[in-house]
Amino acid sequence: DSQKPGEKNLSARKVQVIVEKKLGVSVPSRTINKHFAEGRVGTSPKKTGPKGNFDDESVLKLSNAMESYIQIQQLNGGSGDVTYKKLEKLLKQCTAKKKDCDCAWLLKRLLEESGADINAGRSNNAEQRRIMWTTHYNLNTSRS
């Protein structure tokens with residue numbers, strides 16, 4: 001299908017020899033045939049190990065919820081409630097049906113996905129007003 005005009009068909013054995021010469025890795029010809037049949041030519045290998053507990057959509061929803069919770073707690077001055085232990089406990093409650101869930105690992109992944117800063121506290125109101133006032137227009141008009 002993706003063969004360009006004038007290209008020769010390569011057998012799995014020929015591909016095996018090419019890969020071994022270029023990369024120094026021996027790949028069985030059966031594996032090459034299997035990847036070709038599945039349409040996985042030119043892609044990275046699948047991760048080994050058991051299938052994860054959560055699909056990408058669930059992780060995205062949990063990540064958004066975690067980020068919102070953290071921001072709301074910080075805005076309300078409850079940054080003491082935003083600790084790893086407390087967030088992990090909340091995550092355990094959210095994933096109670098998943099018995100083999102590693103909540104510490106999942107929390108780390110969610111925090112990386114969301115980019116939420118759990119160490120940030122409530123901002124100082126006076127400082128926040130100064131930052132909001134400091135615009136290009138306000139700085140230029142205040143001098144005259």
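Buried denotes under 20% relative accessible area, exposed over 50%, and partly exposed the range in between (1.4 Å probe, protein chains only). The model is predicted, so that local features need pLDDT of at least 70 and side-chain atom pairs count only at pLDDT 80 or more, whereas totals for chains, interfaces and linings use all residues. Residues are numbered from 1 along each chain as its sequence is written, and side-chain values use heavy atoms, with hydrogens and water left out.

**View 1. Overview of the chain, with seven helices and zero strands.** Helices (H or I, at least four residues) and strands (E, at least two) are DSSP runs, numbered from the N terminus. Along the sequence the pattern reads α-α-α-α-α-α-α. Of the 144 residues in the chain, 19% are buried. Contact means heavy atoms within 4.5 Å; among contacts with a separation of 6 or more, 48% join residues 24 or more positions apart.

**View 2. Ser 63, a residue of helix 3.** Ser 63 counts as buried because its relative accessibility is 2%. Beyond its neighbours within four places in sequence, Ser 63 is in contact with Leu 110, Glu 113 and Ser 114. A distance of 7.1 Å separates the C-alpha atom of Ser 63 from that of Leu 111, which lies 48 residues away along the chain.

**View 3. The crossing of helix 3 (residues 56-75) and helix 5 (residues 103-114).** Axes are lines fitted to C-alpha atoms, for helices over the stretch in contact, and angles run from 0 to 180 degrees between N-to-C directions. The two axes come within 9 Å and cross at roughly 75°. Helix 3 and helix 5 are therefore roughly perpendicular; the classes are roughly parallel under 35 degrees, roughly antiparallel over 145, roughly perpendicular from 65 to 115, and oblique for the rest. Helix 3 contributes Asp 56, Val 59, Leu 62, Ser 63, Met 66, Glu 67 and Ile 70, which meet Leu 106, Leu 107, Arg 109, Leu 110, Leu 111, Glu 113 and Ser 114 of helix 5. This contact has eight nonpolar, two polar and four charged residues. Ala, Val, Leu, Ile, Met, Phe, Trp, Tyr, Cys and Pro count as nonpolar, Asp, Glu, Lys and Arg as charged, and the others, Gly among them, as polar.

**View 4. The crossing of helix 3 and helix 4 (residues 84-94).** Here the axes come within 12 Å and cross at roughly 140°, which makes helix 3 oblique to helix 4. On the helix 3 side the contact is made by Leu 62, Met 66, Tyr 69 and Ile 70, and on the helix 4 side by Leu 87, Leu 90, Leu 91 and Cys 94. By class, the contact of helix 3 with helix 4 comprises eight nonpolar, no polar and no charged residues.

**View 5. The crossing of helix 1 (residues 12-23) and helix 2 (residues 29-37).** The axes come within 9 Å and cross at roughly 110°, which makes helix 1 roughly perpendicular to helix 2. Ala 12, Arg 13, Val 15 and Gln 16 of helix 1 make the contact with Ser 29, Ile 32 and Asn 33 of helix 2. Three nonpolar, three polar and one charged residue form the contact of helix 1 with helix 2.

**View 6. The one salt bridge of the structure.** A salt bridge is a side-chain nitrogen of Lys or Arg within 4 Å of a carboxyl oxygen of Asp or Glu. It joins the side chains of Glu 57 and Lys 61, with an N to O distance of 3.1 Å. Both residues belong to helix 3 and lie four residues apart, about one turn of the helix. Glu 57 and Lys 61 are both exposed.
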